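The following dialogue takes a new reader through one structure, in questions and answers. Please look at the sequence and the model first.

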Amino acid sequence: MEVDEANRAGKGALRSTTARGRVLTAEFPSVYVVSAYVPNFGPGFHHRCQYRQRWDGAFKSFLQRLDAQKPVVLCGDLNVAHREIDLRNPKSNRRSPGFTQEERDAFGALLDGGFLDSFRLLYPDVPNAYTFWTYMGGARERNVGWRLDYFLLSTRLREALCDSKIRSAAMGSDHCPITLYLAL
């Protein structure tokens with residue numbers, strides 16, 4: 001799977017993935033801003049696992065190529081709760097899409113590849129900070145959620161990071177908005 005070079009101009013997405021994942025890229029004078037919906041494992045675990053692993057590798061390479069030119073801000077629904085603190089019931093969700101070891105390892109590899117989780121950098125131990133709640137069973141009212149939405153930053157933007165917020169009181173979807181403050 002190759003990354004469509006039109007993506008660098010903000011027009012494309014990862015080739016052959018537009019039905020399941022989406023990527024938009026905007027170039028500014030000092031930074032790239034990438035917005036993404038990363039495909040989830042969902043039903044058909046084995047097939048989707050292979051697909052997601054190909055996606056993750058291609059997406060990481062794409063972000064690193066951008067980062068070689070100028071810093072990157074990645075935002076969006078990355079469809080993974082990276083650490084146990086990032087979902088309400090980690091033990092019962094070990095093999096659930098969004099918290100499989102494969103997905104968590106790929107996310108860790110992205111962080112190890114030169115990116116920072118802005119929220120966890122500032123709030124490493126804050127529990128119950130979620131961005132997604134299923135519509136079933138009153139999950140949002142009980143705050144039984146997952147942190148699936150992120151702002152990731154190139155490591156060289158660390159000093160520019162002012163704040164990263166989860167706007168859990170904002171209603172209207174099964175996800176809530178997140179906000180990033182940078183001093184560029």
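**Contacts, cores and rings**

Student: Which residues does L78 touch, not counting residues up to four places away in sequence?

Tutor: This is a predicted model, in which local features need pLDDT of at least 70, side-chain atom pairs count only at pLDDT 80 or more, and totals for chains, interfaces and linings use all residues. Residues are numbered from 1 along each chain as its sequence is written, and side-chain values use heavy atoms, without hydrogens and water. Contact means heavy atoms within 4.5 Å. With residues up to four places away in sequence left out, L78 touches A36, V38, R52, F107, L148, Y150 and L152.

Student: Which element gives the most to the largest nonpolar core?

Tutor: A nonpolar core is a set of buried Ala, Val, Leu, Ile, Met, Phe, Trp, Tyr and Cys residues joined through side-chain atoms within 4.5 Å; buried means under 20% relative accessible area, exposed over 50%, and partly exposed in between, with a 1.4 Å probe and protein chains only. The largest such core has 21 residues, and V34, F59, L63, L74, L78 and L152 touch the most other members. At least two residues each come from β2 (32–37), α1 (45–69), β3 (72–77), α2 and β5, where helices (H or I, at least four residues) and strands (E, at least two) are DSSP runs numbered from the N terminus. With six residues, the element that gives the most to this core is α1.

Student: Why is the pair of F107 and Y150 called tilted, and how many residues apart are the parts tied together?

Tutor: Rings of Phe, Tyr and Trp (its six-membered ring) pair if their centres lie within 6.5 Å; planes under 30 degrees apart count as stacked, over 60 as edge-to-face and the rest as tilted. By this rule there are three aromatic pairs. In the pair of F107 and Y150, the centres are 4.8 Å apart and the planes stand at 45 degrees, so the pair is tilted. Because F107 lies in helix α2 (residues 101–112) and Y150 in strand β5 (residues 149–154), the pair ties together parts whose separation in sequence is 43 residues.

Student: Is N79 buried or exposed?

Tutor: Most residues other than glycine have a negative phi. N79, found in the loop between β3 and α2, has a positive phi near 55 degrees. Its relative accessible area is 8%, so N79 is buried.
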